Amino acid sequence: MNEKIASILKKIDELEQKLKEELQKEDKPFIDFELIGKKICFRKDIIKEQQKELKNVWKYLKEAPLAFILTAPFIYMLIVPAIILDIFVAIYQTINFPIYKIPKVKRSDYIVFDRGYLAYLNTIEKINCLYCSYFNGLMAYVSEVAARTEQYWCPIKHAKKIAYRHSRYNHFLSYGDAKAFREELEKLREELQNIDS
C-alpha cells in the first residue's frame, strides 16, 4: 500500500472516531439513565414519561395491518439458522483465531440487548427489538470474524465494485497486484495481531 493511501486511511480512522464522539454527544440530550454494571436504570419520573407513550398490546395488534401479522412467522423462522450460525462461528473463532494469532472478535460488542429497559415499548415491541438486536448484531459480529479471516488469507480487493465494505477491506491489496500480494501478505497478517479485539 502506498504512503498516500495509508495516510488517507489513517485520516478516515481518525474521522470515524470523531464521528463516533459527535454522535454520542448528539445522543446526550435524549439519554437520561445510569449504567449500573450491565443494567440500565432510568429515574422514576423518566419511566413515567416513557409509559405515557406505551401502547397496549391488544391495541397494537388491533391496529397492525393483517400483512404484518401474516408475515411475522417468516421473519421469526430465521432465528433457527441464525442460532446455528452463531454457534458455528463461535467454534470456528475459538479454534482458528489462536492458531493464526488473530485477536478474537468480542461477541458482546456486537450483540447488545438494551432496548428491553425502555418503558414505552410493549411486550411485542420488546420481542421485536430483542430479535432485531440479536440478528443484526450477529450479522455484524460474523462480518467482523469473516473480515479478519479474509485479511489473513486473501486480502485482495475485488475487481468489481461491491455494495458493502467490511472493516478490514480498505487495508486490502489491489486486485491483480501479484507482487504486492507476495510482498505484503505477512505484513497484513501481522497487522491483524495489533487490532483491538
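This is a predicted model: local features need pLDDT of at least 70, side-chain atom pairs count only at pLDDT 80 or more; totals for chains, interfaces and linings use all residues.

I began with Arg148, which counts as buried because its relative accessible area is 2% (buried means under 20%, exposed over 50%, partly exposed in between, with a 1.4 Å probe and protein chains only). Numbering runs from 1 along each chain as its sequence is written, and side-chain values use heavy atoms, without hydrogens or water.

Which residue does Arg148 pair with in a salt bridge? I found Glu144, with the closest N and O atoms 2.8 Å apart (a salt bridge is a side-chain nitrogen of Lys or Arg within 4 Å of a carboxyl oxygen of Asp or Glu). Both lie in helix α6, four residues apart (helices are DSSP runs of H or I, at least four residues, numbered from the N terminus). Glu144 is buried too, at 9% relative accessibility.

I searched the whole structure and got nine salt bridges. One of them joins Asp86 and Arg107 at 2.6 Å, N to O. This pair links distant parts of the chain, with Asp86 in helix α5 and Arg107 in the loop between α5 and α6. Asp86 is buried at 8%, while Arg107 is partly exposed at 34%.

Next I looked for disulfides (cysteine sulfur atoms within 2.5 Å) and found zero. For Cys132, the nearest cysteine sulfur belongs to Cys129, 6.7 Å away.

Technical notes
Helices (H or I, at least four residues) and strands (E, at least two) are DSSP runs, numbered from the N terminus.
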